[in-house]
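My notes follow in the order I took them.

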Amino acid sequence: MIRQFMHTVSKAAWMAVFIYIVVPASAQQITPPARAYLYIDPYAARFECLIRMADMLTILGEPSVDVIAPKMQENLKEKVRAKAANWLSLKIGDKSAEKNQPVSVAVIKGSPGRTDPLGPDESVPLADALIGLVWDCDLQEIPLQIEIRWNGFGGPLVVLPVSVIMAGAPSEDFNLDATFPSNVWNNRGRVNIRTPLAQVPPVPGGEHAFIKLPVVAIVWVIVVLVYIFFGTRRSRRVTGRKLMRWAALVLGAVVLWPIHLVKVNNPWAPQITVSPDQATTIMTALLRNIYRAFDQRTESAVYDVLARSIKGELLQKVYIQTANSLSIDAQSATRIHITDLEARIESLKQIKKRQGFNADIQWTALGTVGHWGHQHQRVNRYIAKVTVEPDRPATAATVSQPASWKITALEILEEKRL
């Protein structure tokens, strides 16, 4: 009886060893050496590929090592960048294939879905090291389809599992191999991921805040008055010629009145007052549009959208601060996409004469981004002093354009990552 019991226990122990050691080891042996992700962001398609460092050394014909030191990392990145230059072709919609896109290369540690960036001068064991490849392609519009073709099969890289991720959610999965190296992803109208800019409330009483001066008519009146004064000062008789001059003065002023109207601040305009709730609504819209600006792909496009919320020399400062806060890390150009924002006005003070307000504000921004197979989430809380004023165009070309609220001063007192 005892012998039978011991036999059963021994059998169970060997089964446990098989389940917990042999099976995972076997599964690890059949894990593909690479994993790829196609992220479709608001204005770009980003293809990311993770390849085990040991397999990449084989592909490059490099000897195996136990640890990838910082100097070796830099050498490997240069070799991988040259080797992988033609590995990917993307065809957006009905356009010709986008070949030879610049590829960025990073050495990271972990596994697909569980990666960590390397610190400065950090070595990584070969077993934990991955090579990350990134191709970026600008999107002028939401694509109806994207064709992916992988040209990098060879050596240990015989299959490439790909996941398409759109608006933060997996869309579909498929495998590429040497026999079927391409696949077409179809949007089918499932998602439109471009978020419109928030509507900023209009400036109240804007039509009374300025005066339109008829510059041409004023010049005409001055010139004619000078002419009449010098031409008639020696005679006090009312003649037909004098009457014609005065009639020309009035008629010319009427005809020239609508030409070249220039806006100037109205010193008699009523003071614009904004309640705390109105200030919160204004600031929430302006902040949302600041973050929306960073959905754009080029620096000039970002500045163009930022200029709708920020005025003057503050533009560059806000650009740098926001770009840094949305970066995942120093090695990656991928930015956090802000999905939710909440603002609260702590104190409010009206600005006399300049028609605006100063506020102490606190806001919280929640952002997500997919990178290397997993979602990064970031919640930042800010405490700041801000000045908001109406921006009134003063040129003839924009004389009919209404005033709009813009941030003219911003001082971040505290930034905390939650």
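Which helix gives the most to the nonpolar patch? I found that helix H4, residues 215-232, does, with eight residues. I note that the model is a predicted one.

**Entry on the patch.** I listed its members: Leu213, Val215, Ile218, Val219, Ile222, Val223, Val226, Phe229 and Phe230 make a nonpolar surface patch of about 780 Å². I then picked out Phe229, which has its place in helix H4. Is Phe229 buried or exposed? I put Phe229 down as exposed, because its relative accessibility is 52% and the cut-off for exposed is over 50%.

**Entry on a sheet.** I looked up an open sheet of three strands, which runs in the order S4-S9-S12 with antiparallel pairing. Strand S4 (88-92) and strand S12 (182-186) are its edge strands, each pairing on one side only. From one strand to the next, I read an average twist of 15°. I also checked the pairing of S4 with strand S9 (residues 145-150): it is antiparallel, over five bridges. Opposite Ser89 I found Arg149 in S9.

**Entry on the whole chain.** How many helices and strands does the protein chain have? I counted eight helices and 18 strands in its secondary structure. The protein chain has 418 residues, and 39% of them count as buried. For its accessible surface I noted about 24100 Å², with 57% belonging to carbon and sulfur atoms. Last, I looked at contacts with a separation of 6 or more: in the protein chain, 68% of these are between residues 24 or more positions apart.

Note on methods: Residues numbered from 1 in each chain as written. Predicted model: local features only at pLDDT ≥ 70, side-chain atom pairs only at ≥ 80, totals over all residues. Heavy atoms only, no water. Patch = residues over 30% accessible without salt bridge, like charges linked within 9 Å, V, L, I, M, F, W, Y side chains within 5 Å. Areas by Shrake-Rupley, 256 points an atom, 1.4 Å probe, with all protein chains shown as cover. Salt bridge = Lys/Arg side-chain N within 4 Å of Asp/Glu carboxyl O. Helix = DSSP H or I, 4+ residues; strand = E, 2+ residues; numbered from the N terminus. Buried < 20%, exposed > 50% of the residue type's maximum accessible area, 1.4 Å probe, protein only. Pairing = 2+ DSSP bridges. Axes fitted to C-alpha atoms, helices over the stretch in contact; angles between N-to-C directions. Contact = heavy atoms within 4.5 Å.
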